[in-house]
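Hi everyone, thanks for coming. I'd like to walk you through a structure today, so let me put it on the screen.

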Amino acid sequence: MKRLENKVALVAGGGSIGSATVRRLAEDGCRVLLGDIALDQAEADAEEISRATGVEVIATAYDQGDDASVKRLVQTAVDHFGQLDFVHANAADLSVAGEDYDAVATDLAIYDRTMDINLRGFVLVTRHAMPHLVKSRGAIVYTGSGSAYIGEPTRFSYGMSKSGVNALMRHVATRWGPEGVRANALAPGFVLGRRDASALPEGFMEMVTAAQRIPVVGEPRHIAAMVAHLFSDDGAWITGQVIAIDGGSTMRA
Ligand SMILES: NC(=O)c1ccc[n+]([C@@H]2O[C@H](COP(=O)([O-])OP(=O)(O)OC[C@H]3O[C@@H](n4cnc5c(N)ncnc54)[C@H](O)[C@@H]3O)[C@@H](O)[C@H]2O)c1
């Protein structure tokens, strides 16, 4: 029997890392609802992963900025599969990251949008999913970022939103741990994923790998493997942690 057989996960936010998580969970036998604002891509990913793994994976559209939409997302998982064991809160609006400069220069609309989708959106996911996770004594994994603690000169809104995610995770781990729910956050380093490498500044990838302790380019599957580990019984005693997955570029106590 595969390690996540008879389990159901909601992956809120597909894209590079989210779809890799869906694939990894399905490979481990877990049925998955993939939600994303970009429905066409999510449906294509769900269909391909379902075909490749033989495990039921479905997709639906939702907007992480909208409470009613997030509520519908969670309800879709429960209505379709009859249970909800795991949530990967993963979506972030990265389309505004290029205009997220410093705390003085950044338009407040960019700040508001970043906090709204990346942080408040995870609060919405948490609020709607929690009753079901308590029932299943399940687990939630939030995708944070190394930018929460490295102190970047730009992307101040993004870093703040991800710091907030870590605080949310610690709250959830503490508040619902006694009821059997585990919560953890991941802090990925740079993962190219589906982004166009040719759009990156020259020498960027070399700079990234030079800052790591191993010269291995981060891939979405590296992040997905940790999500699956945390959802499995192998992760049964891990909660309240921010786990860096970054080739060793950060070394935190
Ligand atoms: N790629 C990296 O280097 C890296 C590093 C650290 C952290 N992260 C985090 O990993 C997560 C996934 O990032 P990724 O690299 O896979 O990016 P991605 O852009 O491929 O995936 C993000 C997904 O979120 C979806 N999304 C955006 N706004 C949404 C909304 N309002 N409602 C619902 N879905 C929405 C997008 O459509 C997209 O599919 C994010 O939380 C990101 O902050 C990424």
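Let's begin with a question: in which helix do Glu-47 and Arg-51 both lie, and how many residues apart are they? They lie in helix 2, residues 39-53, and they are four residues apart, about one turn of the helix. An α-helix has 3.6 residues a turn, so residues three or four places apart point the same way. Glu-47 forms a salt bridge with Arg-51, with the closest N and O atoms 3.7 Å apart. By salt bridge I mean a side-chain nitrogen of Lys or Arg within 4 Å of a carboxyl oxygen of Asp or Glu. The structure holds eleven salt bridges.

A word on what you're looking at. This is a predicted model, where local features need pLDDT of at least 70, side-chain atom pairs count only at pLDDT 80 or more, and totals for chains, interfaces and linings use all residues. Residues are numbered from 1 along each chain as its sequence is written, and side-chain values use heavy atoms, with hydrogens and water left out. Helices (H or I, at least four residues) and strands (E, at least two) are DSSP runs, numbered from the N terminus.

Now, please find helix 4, residues 108-136. Its 29 residues reach 40 Å from first C-alpha to last, close to the 42 Å expected; that expected span is 1.5 Å times one less than the number of residues. At the N-terminal end, Asp-107 is the cap, with a side-chain oxygen 2.8 Å from the backbone nitrogen of Ala-109. Further along, there is a kink of about 45° at Ala-129, shortly before Pro-131. The bend is the angle between axes fitted to the seven residues ending at a residue and the seven starting there.

On to the ligand. Arg-195 places a polar side-chain atom 3.0 Å from a ligand nitrogen. Taken alone, the ligand exposes 820 Å², and the protein buries 87% of that (Shrake-Rupley method, 1.4 Å probe).

Key: A polar contact is a pair of N or O atoms within 3.5 Å; within protein, one must be able to donate a hydrogen and the other to accept it, and residues adjacent in sequence count only if both atoms are side-chain atoms.
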